[in-house]
Amino acid sequence: MKIAPPDPGLLSLNTATVRERWNLREMIEGCARHGIRGISPWRDKLAGLGAKEAAKLIRDNGLTVTGLCRGGMFPAADRKGRQSALDDNLRAIEDAAILGARCLVLVVGGLPAGSKDLAGAREMVRDGTGETLERARSAGVALAIEPLHPMYCADRACVNTLAQALDLCDELDSGASGDLGVAVDVYHVWWDPQLQQGIGRAGDKRLLAFHICDWLVPTTDLLNDRGMMGDGVIDLPRIRSWMTAAGYRGFHEVEIFSARNWWKRDPDDVLGVIQRRHQECC
Ligand code: ZN
């Protein structure tokens with residue numbers, strides 16, 4: 001299958017990719033310098049600059065905020081814990097609104113400490129997402145549930161397939177208002193035999209973000225060994241073609257957690273590689 005290269009104007013930098021060497025100001029200015037039009041900050045970096053100051057700097061540099069990472073983490077052992085998770089999500093919604101982010105990404109959370117009740121955790125995720133959705137709506141912020149690879153089910157997210165995320169969307173937002181959808185991260189869903197079907201099912205109303213990187217063989221760390229596009233086994237052009245066919249017109253956000261390689265390099269070099277690989281491998 002021959003697919004034309006993507007529009008370079010759709011490239012976005014997820015700040016996790018350069019988080020070890022740059023603060024948010026450097027990331028914003030780096031994107032502007034390289035002609036990268038989108039940025040997706042993580043909240044730890046946002047805290048360093050402040051949402052208002054970040055929003056101004058992002059606006060002044062003409063960037064689009066393709067997402068804010070992240071909210072979620074709903075399950076907790078007791079009511080107090082669940083309430084503090086909700087409070088944290090409300091703060092994230094406020095920041096996403098200030099930034100004008102296209103979505104707040106939800107990494108929904110896994111099992112509470114000491115628990116083996118996976119079904120119960122998933123109920124807490126449903127309830128927490130539902131409560132957060134009401135507040136997000138009134139703030140004009142869309143929520144994007146990010147299904148995570150099943151290896152993260154215990155400690156990060158017990159929503160593990162696109163179908164499962166879309167079932168949640170159907171339950172909580174049956175009218176497909178656009179207020180609740182999914183973030184499709186190739187790292188988490190590339191292996192899923194139902195992926196194409198799920199992307200088609202989501203359609204343009206529910207496809208809120210597209211995260212790209214690559215799956216290395218072998219993978220030496222569960223969290224921080226993601227690959228640069230082209231260095232692994234994910235058929236990125238094919239997945240992008242499914243996103244496009246389903247109506248997705250948004251950004252392609254590069255999110256690479258890479259303790260042994262990319263985090264060690266000069267971020268300006270990394271951005272150059274990202275731009276080349278986006279054209280050659282995506
Ligand atoms: Zn992601």
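A crossing of two helices is right-handed if the near helix is turned clockwise from the far one by less than a right angle. In this predicted model, the crossing of α1 and α3 is right-handed.

**Packing of α1 and α3**
- Helix α1 spans residues 24-34 and helix α3 residues 51-60; their axes lie 10 Å apart at an angle of about 15°.
- With that angle, α1 is roughly parallel to α3, since angles under 35 degrees count as such.
- On the α1 side the contact involves Leu24, Arg25 and Ile28, and on the α3 side Glu53, Ala54, Leu57 and Ile58.
- Five of these contact residues are nonpolar, two are charged and none is polar.

- Arg33 and Asp268 form a salt bridge with an N to O distance of 2.9 Å.
- Arg33 belongs to α1 and Asp268 to α10 (residues 267-281), so the bridge links parts 235 residues apart in sequence.
- Arg33 is exposed at 52% relative accessibility, whereas Asp268 is partly exposed at 26%.

- The side chains of Asp167 and Arg201 form a salt bridge at 2.7 Å, N to O.
- Asp167 sits in α6 (residues 162-172) and Arg201 in α8 (residues 195-206), so parts 34 residues apart in sequence are tied together.
- Asp167 is partly exposed at 44%, and Arg201 is partly exposed at 39%.
- Both residues belong to one network of salt bridges with shared partners, which also includes Arg137, Asp170, Asp173, Asp179 and Arg206.

**Salt bridge between Asp155 and Arg156**
- The closest N and O atoms of Asp155 and Arg156 are 3.5 Å apart in their salt bridge.
- Asp155 is partly exposed at 49% relative accessibility, and Arg156 is partly exposed at 26%.

How values were computed:
Residues are numbered from 1 along each chain as its sequence is written. This is a predicted model: local features need pLDDT of at least 70, side-chain atom pairs count only at pLDDT 80 or more; totals for chains, interfaces and linings use all residues. Side-chain values use heavy atoms; hydrogens and water are left out. Axes are lines fitted to C-alpha atoms, for helices over the stretch in contact, and angles run from 0 to 180 degrees between N-to-C directions. Helices (H or I, at least four residues) and strands (E, at least two) are DSSP runs, numbered from the N terminus. Angles under 35 degrees count as roughly parallel, over 145 as roughly antiparallel, 65 to 115 as roughly perpendicular and the rest as oblique. Contact means heavy atoms within 4.5 Å. Ala, Val, Leu, Ile, Met, Phe, Trp, Tyr, Cys and Pro count as nonpolar, Asp, Glu, Lys and Arg as charged, and the others, Gly among them, as polar. A salt bridge is a side-chain nitrogen of Lys or Arg within 4 Å of a carboxyl oxygen of Asp or Glu. Buried means under 20% relative accessible area, exposed over 50%, partly exposed in between (1.4 Å probe, protein chains only).
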